[in-house]
Amino acid sequence: MVKKGLLATVVAKEGKEKDVEQFLASAVDLAKKEEKTIHWFAFKIDERTFGIFDTFNTEEGREAHLSGEIASQLMANAKELLNAEPNIQKIDILAAK
């Protein structure tokens, strides 16, 4: 069972909504290369708010993802695309189906 997760939300700068949406949609290809990332979802909450939810079997997998290519690319473009730093929360999975 997956035991660890991440829930990240970001708010796009006005006029950058499509850029953030396209970045997140394309990041799935990078997530597929991460052996320790079990599940990876990018989603849209409202016109300017987006999120990523992913799961891992171990803390090692979660940390590998946090220091991986998706996070690196997101942070490299954060000042141009986002209103503020991403809100990244480490979570523990209590139950899963």
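Guide: The secondary structure comes to 4 helices and 4 strands, in the pattern β-α-α-β-β-α-α-β along the sequence. This is a predicted model, where local features need pLDDT of at least 70 and side-chain atom pairs count only at pLDDT 80 or more, while totals for chains, interfaces and linings use all residues. Residues are numbered from 1 along each chain as its sequence is written, and side-chain values use heavy atoms, with hydrogens and water left out.

Visitor: Why is Thr-37 called buried?

Guide: Buried means under 20% relative accessible area, exposed over 50%, and partly exposed in between, with a 1.4 Å probe and protein chains only. Thr-37 has 11%, so Thr-37 is buried. Buried residues make up 34% of the 97 residues in the protein.

Visitor: Which residues does Thr-37 touch?

Guide: Leaving out residues up to four places away in sequence, Thr-37 touches Asp-54, Thr-55, Phe-56 and His-65; contact means heavy atoms within 4.5 Å.

Visitor: Why are strand 2 and strand 4 said to stand at the edges?

Guide: The open sheet of 4 strands has the order 2-3-1-4, with antiparallel pairing. Strand 2 and strand 4 (87-92) each have a single partner strand, so one side of each is left without a neighbour in the sheet. The twist averages 15° from one strand to the next, with axes fitted as lines to C-alpha atoms (for helices over the stretch in contact) and angles running from 0 to 180 degrees between N-to-C directions. Helix 1 lies across strand 1, strand 2 and strand 3, at about 15° to strand 3.

Visitor: How do you know that Phe-41 and Phe-53 are stacked?

Guide: Rings of Phe, Tyr and Trp (its six-membered ring) pair if their centres lie within 6.5 Å; planes under 30 degrees apart count as stacked, over 60 as edge-to-face and the rest as tilted. Phe-41 and Phe-53 are 6.2 Å centre to centre with 25° between the planes, so they pair and count as stacked. Phe-41 lies in strand 2 (residues 37-44) and Phe-53 in strand 3, so the pair ties together parts 12 residues apart in sequence. Phe-41, at 44% relative accessibility, is partly exposed, and Phe-53 is partly exposed at 23%.

Visitor: What makes a group of residues a nonpolar core?

Guide: Such a core is a set of buried Ala, Val, Leu, Ile, Met, Phe, Trp, Tyr and Cys residues joined through side-chain atoms within 4.5 Å. The largest one has 16 residues, and Val-10, Trp-40 and Leu-82 are among those with the most contacts inside it. Helix 4 gives the most to this core, with 4 residues.

Visitor: How do you know that the radius of gyration agrees with a compact globule?

Guide: The radius is taken over C-alpha atoms, and the globule rule is 2.2 Å times the number of residues to the power 0.38. With 97 residues the rule gives a value near 13 Å, and the protein has 13 Å, so the two agree.

Notes:
Helices (H or I, at least four residues) and strands (E, at least two) are DSSP runs, numbered from the N terminus. Two strands pair if DSSP finds at least two bridges between them.
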